[in-house]
Amino acid sequence: MAGLYIHIPFCHSKCSYCDFFSTPDRRRVDELLDTLVREFEMRRGEIEEDFETVYIGGGTPSIIPAEKLQRLCSRLPIGRAKEFTIEVNPEDVDVEAVSAWREIGVNRVSMGIQSFDDQELAAINRRHDSRRATEAIECLRRCGIDNISCDLIYGLPGQDMDSWQNSLEKLLSYKLPHMSAYCLSYEPGTALYARMTAGKITPTDDETLERMYGMLCDKTAEAGYEHYEISNFALPDMRSRHNSSYWTSSPYLGLGPGAHSFDGRVRRYNPSNLRAYIDGFPATIIDEENETERLNDKLITALRTADGLDLKELTQAQARRLKEETQGFIADGSMSLTPAGRLRISERAWFTSDAILRELIEV
Ligand code: SF4
């Protein structure tokens, strides 16, 4: 069973840390929605159409008026999806919008809260405040959406251990089925990066970030969450099915600017540019991976998960090489190899997993 991803690249404004492709200019919404349907019609043969999961991401899909979203979904075969997620921001959540999302089949909402501290939210140019985030969670539940995932960020400007603990404990108090937590990164080209290079803000030091990560692992475990991917936590049986399919190399079809697809063999991606996507249609690029690139993809995705990498999926030569190259990491406890042949990075070592992956990736 496959997944369907639909990318909506519009946002109300730009968050200062964000380097995703998004635009506040919504003049071409209708053209985008028509092009998404055209793209689906053209590419529907690439993948089994019985979509088990649907994910409308962005950008901020909740920015799209409900009737336009309904019209888009009525033109796509998404009726049988077991998990249908939409990404939203708190400022767009009200009874009318949630009712409309439910009507099109949405049964899971992923919401970007990032922090419950209003000064931290203002520092990264988020449009909502803590009160609005709280109201949005309550509204979703009142309207019958219980499968909610919320995002937090640690390492925000002005954030210390106490305020991180407050945000984390506040989110955990809702006992949501799922949450994600990301370490802030300063990406070139973002407003945050410019402020850092101008000396106006100092990034959180590595030691504090590691303590924040440690607190995240401890508190989510105490609250009964499974840390099943480097940034993702779920109550029992509530992992994100859609995102899990990326990490297990299952097939998915991605529609829209910047969307990626994988049919089980070949990867494809669309240009991360609205004009190129609409005016240059069809502009999907085929990424012909060689064996080394395929292995590297597997390493990067599977070793981010608690399930790890099944060495039986590799050739004998690849498995042998990895066993040799991970001996040191296994000896110091940052990796493990299960009797069933699954290679894993340990939870605490995920924080520095980039360094481990650099050693294992073939160039
Ligand atoms: S809402 Fe999300 S996609 Fe849009 S600018 Fe903010 S972080 Fe980026």
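Student: Does K175 count as buried or exposed, and why?

Tutor: K175 counts as exposed because it has 10 C-beta neighbours inside 10 Å; a residue is exposed with 12 or fewer other C-beta atoms within 10 Å of its own, buried with 20 or more, and partly exposed in between, the C-beta atoms being placed from the backbone. This is a predicted model, in which local features need pLDDT of at least 70 and side-chain atom pairs count only at pLDDT 80 or more, while totals for chains, interfaces and linings use all residues. Residues are numbered from 1 along each chain as its sequence is written.

Student: Where is K175 found, and what is its phi?

Tutor: Most residues other than glycine have a negative phi, and most peptide bonds are trans. The phi of K175, however, is positive, near 50 degrees, and the residue sits in the loop between α6 (161-173) and β6 (178-183), where helices (H or I, at least four residues) and strands (E, at least two) are DSSP runs numbered from the N terminus. N125 also has a positive phi, near 65 degrees, and belongs to the loop between α4 (118-123) and α5 (130-142); it counts as partly exposed, because 14 C-beta neighbours lie inside 10 Å.

Student: Which residues does a cis peptide bond join, with omega about -5 degrees?

Tutor: That bond joins F281 and P282, and P282 has its place in the loop between α10 (274-279) and β12 (285-287). The peptide bond from G58 to G59 is cis as well, with omega near 20 degrees, and G59 lies in the loop between β2 (53-58) and α2 (66-74).

Student: Into which domains is the protein divided?

Tutor: An automatic or database domain assignment supplies the bounds, and it gives domain 1 (3-246) and domain 2 (292-363), whose centres, taken over C-alpha atoms, are separated by 28 Å. The contact between them takes 8 residues from each of domain 1 and domain 2, two residues being in contact if their C-beta atoms, placed from the backbone, lie within 7 Å. On the side of domain 1 that touches domain 2, α8 (206-222) and β7 (226-229) are the elements that give two or more residues.

Student: Which members of the largest nonpolar core touch the most others?

Tutor: In soluble globular proteins, nonpolar side chains tend to be buried together. A nonpolar core is a set of buried Ala, Val, Leu, Ile, Met, Phe, Trp, Tyr and Cys residues joined through C-beta atoms within 7 Å; here the largest has 66 residues, of which L4, V54 and L152 touch the most other members. Leaving aside residues up to four places away in sequence, L4 touches F51, V54, I78, Y252 and L253. Apart from that core lies another, of 14 residues, including W247, L295, L343 and I356.
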